[in-house]
Amino acid sequence: MDQAATALVRETPYESVENWLWRRGRGLSSAYLAALEAEGLVARQRGRWIPVRTGKTALVDSPARSRAAERWSEGEPVLAQLAAAAGIGEVSDEDSAKVADESLDTVIAVVHDAVTELEAVRQRKTVEDAAYDNVWRGM
């Protein structure tokens, strides 16, 4: 979070949240994974038959994970809206009415736009890869 905060452009012209997310997104998952491993919240799994570490990671039981599971099971409105914007589950009208914060609406809208754009990039990449494969095969 400290790195993310220092990456903000704090002078005019301010950078949009969308541009910041896209610029910041490169390598972000590996940075978060490394930070979670350093904090002991994620561990590399050991092989089932051979006791060596595999490339797969698993969440470690922690108080933070328990709190997150609790919040999820309780259907916390803010969490439900963010998850729905990221494509996980749906939000009822009742949950939408529980959160009447304009800044949250802005964040959710930007997350939704970013997810939509990511999906468009994935689809474009799939089409480009298929076209390359066709050219490679001589079609």
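Modeller: Let's start with R122, which pairs with E119 in a salt bridge, their closest N and O atoms being 3.8 Å apart. The term covers a side-chain nitrogen of Lys or Arg within 4 Å of a carboxyl oxygen of Asp or Glu. Bear in mind that this is a predicted model, where local features need pLDDT of at least 70, side-chain atom pairs count only at pLDDT 80 or more, and totals for chains, interfaces and linings use all residues. Residues are numbered from 1 along each chain as its sequence is written, and side-chain values use heavy atoms, with hydrogens and water left out.

Both R122 and E119 belong to helix α7 (residues 102-136), 3 residues apart, or about one turn of the helix. Helices here are DSSP runs of H or I with at least four residues, numbered from the N terminus. E119 has a relative accessible area of 36%, so it's partly exposed; buried means under 20%, exposed over 50%, and partly exposed in between (1.4 Å probe, protein chains only).

Helix α7 also holds D129 and K125, 4 residues apart, again about one turn of the helix. Their side chains meet in a salt bridge at 3.3 Å, N to O. D129 is partly exposed at 35% relative accessibility, and K125 is partly exposed too, at 46%.

Then there's D61, bridged to R65 with the closest N and O atoms 3.4 Å apart. At 70% relative accessibility D61 counts as exposed, while R65, at 38%, is partly exposed. By this rule, the count comes to 5 salt bridges.

Note on methods: Helices (H or I, at least four residues) and strands (E, at least two) are DSSP runs, numbered from the N terminus.
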